[in-house]
Amino acid sequence: MLEQRIQQHFIDSADLQYQTAQNLGQPIAAAVQAMLACITGGGKMLTCASGPSVGHALQFVGFCLAGFERERPEFAALALSANGALLGSTQQPFARQVRALGQAGDLLLALCVDGNDAGVLAAVEAAHERDMSIVALSGRSGGRLASVLRETDVLLCVPHDRAARVLEVHTLIIHCLCDGIDAQLFGEPEEG
């Protein structure tokens, strides 16, 4: 019984990844292009996330700084903090940091499984005020996040209600973004 349940998790995850690959290939490529424009234009990438998506934001920044599957120069990236103690009693710590650090040519990577986190939404609005590009990762229907994005922003929405499945695909999307950036800037890695 337990082994069948475990196997079903793998089957469900693989099925969703296959379906999502069909629908998100073009939007992921658009996100890579937005990130490339930021990097080659001398901009920085800021990330903000809620709940379990915080790990993905940190992972993305780590890959930008340390490289993804190859040695290469660092990319300017910073994970914003949701710790209100660092910023006083503000209800919008991400937005305040975006306003303080963001500028035109920069990019905000916003991650929120349900697309409804007030802090992430406020950060997106602040990024728009700063004329920053936005790449957003969400699940389900994209929530309110989908409705506040502009036509020039990129939404990578995993159409599933279960947070665990959405997060699994978000991991793969982060890998695709980092691999795509590296491949576009540095070519295919040498086999060896």
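## Helix α2 and its buried face

The buried residues of α2 (54-66) are His56, Ala57, Phe60, Val61, Phe63 and Cys64, where buried means under 20% relative accessible area, exposed over 50%, and partly exposed in between (1.4 Å probe, protein chains only). Seen down the axis of α2, these residues fall within an arc of 160°, so they line one face of the helix; the arc is that of the directions from the helix axis to the C-beta atoms. An α-helix has 3.6 residues a turn, so residues three or four places apart point the same way. Helices (H or I, at least four residues) and strands (E, at least two) are DSSP runs, numbered from the N terminus.

What covers this buried face? The cover of the buried residues of α2 includes α1, β1, β2 (77-79), β3 and α7. As for its length, α2 has 13 residues and reaches 18 Å from its first C-alpha to its last, close to the 18 Å expected at 1.5 Å a residue (the expected span is 1.5 Å times one less than the number of residues). Just after α2, Gly67 takes a positive phi of about 100°.

## A word on the model

This is a predicted model, in which local features need pLDDT of at least 70 and side-chain atom pairs count only at pLDDT 80 or more, while totals for chains, interfaces and linings use all residues. Residues are numbered from 1 along each chain as its sequence is written, and side-chain values use heavy atoms, with hydrogens and water left out.

## One aromatic pair

Rings of Phe, Tyr and Trp (its six-membered ring) pair if their centres lie within 6.5 Å; planes under 30 degrees apart count as stacked, over 60 as edge-to-face and the rest as tilted. By this rule the count comes to one aromatic pair. The rings of Phe63 and Phe68 have centres 4.9 Å apart and planes at 75°, so the pair is edge-to-face. Both Phe63 and Phe68 are buried.

## The nonpolar cores

A nonpolar core is a set of buried Ala, Val, Leu, Ile, Met, Phe, Trp, Tyr and Cys residues joined through side-chain atoms within 4.5 Å. The largest one here has 36 residues, and Met35, Met45, Leu109, Val135 and Ile173 have the most contacts inside it. Two or more residues each come from α1 (2-40), β1 (45-49), α2 (54-66), β3 (107-111), β4 (133-139), β5 (154-158) and α7 (163-186). The largest share, nine residues, comes from α1. Apart from this core lies another, of 21 residues, among them Leu80, Ala123, Ala136 and Leu149.

Let us pick out Val135. Leaving aside neighbours within four places in sequence, Val135 is in contact (heavy atoms within 4.5 Å) with Ala31, Ala34, Met35, Leu107, Leu108, Leu109, Ala110, Val154 and Leu156.

A polar contact of 2.8 Å joins the side chains of Ser13 and Glu168. Such a contact is a pair of N or O atoms within 3.5 Å; within protein, one must be able to donate a hydrogen and the other to accept it, and residues adjacent in sequence count only if both atoms are side-chain atoms.

Thr40, also placed in α1, is exposed, with a relative accessible area of 58%. A polar atom of its side chain lies 2.8 Å from the backbone oxygen of Leu36. Gln97 lies in helix α4 (residues 93-101) and, at 13% relative accessibility, counts as buried. The side chain of Gln97 has a polar atom 2.8 Å from the backbone oxygen of Pro93.
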